Amino acid sequence: MAEQPIRDQFQPDDELFEAIQRFLREQSSDTIDTELRRALQEARRYIDRELRDRPEFERMIQALERVVEDEFPGAFTAPVRTRLAELLYRYGLAHFWLIHGRELPEWLAPAEEMEEEPSPPAEEPRPLVIYDIWFPQDIALEHADDGYYLHISDGRIDLSLYLGEEPNERGALTDLLGHYRHALTHAPHGEPAEPSDRLTPVLTVELDYSGSELVEANDHVDVLFLDPQGEPIVRMHARAAELRLILEELQAIGRDGGF
């Protein structure tokens, strides 16, 4: 008898496909959005706790990067391609959990959910904003060996935002542009800072930029800068004039043209 083709070893699992079809039929748009976000969060915890430093995980991410490149040749920079590969892997874990009964499997559950004994009281949540930068006086960009940094200082605190290996790679320009337009509409321009010798800051905050949020204010704009986990960690108080300076610095190294 002739040997069966190798692909016959990978015949579809009828039970798995039935579970997928049943799962999709049961979902509403709101339900799947909420549950998928939760599953992705749990998958991230598992990866960070169990897989991040393992060579097998690195090889899988590299394989997924090649898949992304095959599907979208030249469309993404290397850092963005890596992030997309990790997202694909997290989605695979999250989808596996959702399909299999929506009860968090033991291997995916955070450590605190696996304990049978009562867990100790949770730590006090950290404040959403632990540093305040008032109307910045010094704004500059640095092109370092590992990429671009945006430095903002009010003379008391230095804030260093890592933007990535290419200008505006993390979307900082687009993000801050939205805040700037809001400031133009809702907040006075404010007076430019008087030229003066820069004060030695008493605190330096380095932040791997992952986004920002806008907080309503009466006569200025509050921008919450987010850490890599998406948690607000620094609040900057600025008027349109300060935001304009930041945008001009970003545009100077980034892209030609106006807004």
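Residues are numbered from 1 along each chain as its sequence is written, and side-chain values use heavy atoms, with hydrogens and water left out. Because the model is predicted, local features need pLDDT of at least 70 and side-chain atom pairs count only at pLDDT 80 or more, whereas totals for chains, interfaces and linings use all residues.

Helices (H or I, at least four residues) and strands (E, at least two) are DSSP runs, numbered from the N terminus. The axes of helix H3 (residues 55-71) and helix H4 (residues 78-99) come within 8 Å and cross at roughly 110°; axes are lines fitted to C-alpha atoms, for helices over the stretch in contact, and angles run from 0 to 180 degrees between N-to-C directions. H3 and H4 are therefore roughly perpendicular to each other (under 35 degrees counts as roughly parallel, over 145 as roughly antiparallel, 65 to 115 as roughly perpendicular and the rest as oblique). In H3, Phe57, Met60, Ile61, Leu64, Glu65, Val68 and Glu69 meet residues of H4 that include Ala78, Arg81, Leu84 and Tyr89, contact meaning heavy atoms within 4.5 Å. By class, this contact of H3 with H4 has 10 nonpolar, 1 polar and 4 charged residues (Ala, Val, Leu, Ile, Met, Phe, Trp, Tyr, Cys and Pro count as nonpolar, Asp, Glu, Lys and Arg as charged, and the others, Gly among them, as polar).

For helix H6 (residues 172-186) and helix H7 (residues 240-253), the axes come within 9 Å and cross at roughly 155°. H6 and H7 are therefore roughly antiparallel to each other. Among the residues in contact are Leu173, Leu176, Leu177 and Tyr180 of H6, with Leu243, Ile246, Leu247 and Leu250 of H7. The contact of H6 with H7 comprises 12 nonpolar, 2 polar and 1 charged residues.

Val129 lies in the loop between helix H5 (111-114) and strand S1 (131-133). Although Val129 and Arg235 are 106 residues apart along the chain, their C-alpha atoms are separated by 6.0 Å. Leaving aside residues up to four places away in sequence, Val129 touches Leu224, Pro232, Ile233, Val234 and Arg235.
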